[in-house]
Amino acid sequence: MERATESLPQPPLKAPEIDTSLLRELVAYLRQGRTELRDEWVRRITDAQLLGVMTADEIFSEVTAVYDNYVDALETGSVETLQAYARDLSERIIRRGVETHEVLGIVLLLRDVLARSLFVHYQDDPGFLNRILDAYEPAANRIAVTVGVSFVEERERVIREQQAAIRELSTPVLQVRDRLVILPIIGVLDSQRARQLTEQLLDAIQANRAKVVVIDITGVASIDMTVANHLVQTVKASRLMGASAIITGLSSGIAQTLVDLGVDLSMMRTVGDLQGGLEEAERLLGYRVIQDVAAASGVPPE
Amino acid sequence: MAVPILKQGDYLIASIQAALTDSEVLGLRDDLADQVGKFRSRGIVIDVTALDVIDSFVARSLRTIALTARLRGAETVIVGIQPDVAVAMVQFELNLEPLQTALDLEEGITVLQGATRGVDEDGR
């Protein structure tokens with residue numbers, strides 16, 4: 001009881017001045033009960049149906065590593081090792097589709113498992129239990145925040161990388177014949193992408209000395225007024241650079257939208273599909289494609 | 001600096017080297033109109049590769065030059081509009097209609113040859 005009277009007047013927020021002997025005691029206890037507490041934690045994770053995408057063995061080995069890192073972090077008060085491990089772990093599990101709520105859930109479960117076991121272990125001495133918890137709670141919360149934030153940061157980094165990759169890859173300009181380039185557009189066209197696309201196309205016209213450009217929008221699901229006007233501007237700008245543009249693959253939905261919006265398409269040359277567009281382009285460039293019937297039917301050349 | 005005008009066969013080539021003042025634009029217009037008559041040229045190529053801005057005054061002047069030249073029997077092609085310039089012109093709704101545009105000098109000559117071929121066959 002003497003310990004209890006000592007600890008009570010101390011406000012709980014003054015936790016930083018924790019007796020290191022308390023932490024040592026705590027860490028020693030957690031090391032000692034490692035197997036038991038870890039198994040309890042795994043059982044709670046499985047019960048809560050977290051980490052469904054991972055096998056039991058994987059969960060077990062990750063859990064062991066996290067547990068040891070966790071105890072080390074409690075001991076040293078430095079979360080850097082744990083933070084690095086959490087980043088690394090996040091990178092591995094994000095690709096497997098592990099969600100933020102699962103990661104947070106797991107860390108909080110560990111906190112609960114350990115706290116519960118501390119209660120049981122020190123229940124005979126409430127005063128000491130109080131002080132152990134004073135030492136444990138801030139450290140545990142700090143660890144939980146570190147792991148959660150590491151996961152979210154890693155996730156955001158992956159998202160940023162992927163967005164950059166999409167921006168890079170989404171608008172290739174391909175030369176299919178001398179002086180003829182095609183620009184297949186796939187996915188969502190927003191005004192930033194439309195602007196970027198115009199730039200890339202005009203640079204490609206200059207680099208490839210293109211005279212005809214086929215813009216294929218088969219892969220575009222929908223289009224709005226701004227984007228439609230961007231397309232019109234792209235066509236006009238290509239014209240100024242001496243290239244005529246052919247738009248292909250207007251779906252019936254998009255065609256309807258364009259008419260409803262009243263976009264002025266009088267100066268746009270449109271053809272139903274990419275094949276038609278290429279044929280039209282070849283005609284403009286003076287190509288005549290002739291099928292060799294003998295070669296097509298498999299007769300070997302002489 | 002006045003824009004040099006070169007004669008190449010049936011065509012005149014005016015290559016604009018730097019941003020033009022208003023009086024230089026007007027000078028170019030007058031020189032071209034004179035020389036079309038003097039050399040009996042059938043086409044004009046105006047090269048704007050070096051221009052990084054084409055404003056409404058320049059655009060209108062280019063149109064005027066082309067219309068004047070057409071009355072004197074020559075077609076005009078504008079060549080070498082840079083990508084950035086093209087985007088800016090479209091955004092400011094400047095258009096060069098009814099002028100023809102082409103990628104570069106070589107392409108411009110080809111366009112003129114196409115446009116004047118019919119006249120050749122008539123045996124002008």
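Which residue does Arg177(A) stand opposite in β2(A)? Select Arg177(A), and then look across to Leu180(A), which is the residue that stands opposite in β2(A).

Before going further, note that this is a predicted model, in which local features need pLDDT of at least 70 and side-chain atom pairs count only at pLDDT 80 or more, while totals for chains, interfaces and linings use all residues. Residues are numbered from 1 along each chain as its sequence is written, and chains are lettered from A and ligands numbered from 1 in the order in which they are written.

Next, select β1(A) together with β2 (residues 180-186) of chain A, which run antiparallel and are joined by three bridges. Helices (H or I, at least four residues) and strands (E, at least two) are DSSP runs, numbered from the N terminus, and two strands pair if DSSP finds at least two bridges between them.

Now widen the selection to the open sheet of five strands in chain A, whose order is β1-β2-β3-β4-β5 and whose pairing is mixed. At its edges stand β1 (174-177) and β5 (269-271) of chain A, each with a single partner strand, so one side of each is left without a neighbour in the sheet.

Finally, turn to chain B, where 13 residues are in contact with 14 residues of chain A, contact meaning that the C-beta atoms, placed from the backbone, lie within 7 Å. On the side of chain B that touches chain A, α3 (83-91) and β5 (100-102) of chain B each give two or more residues, and α3(B) gives the most, with six residues.

Technical notes. Contact = placed C-beta atoms within 7 Å.
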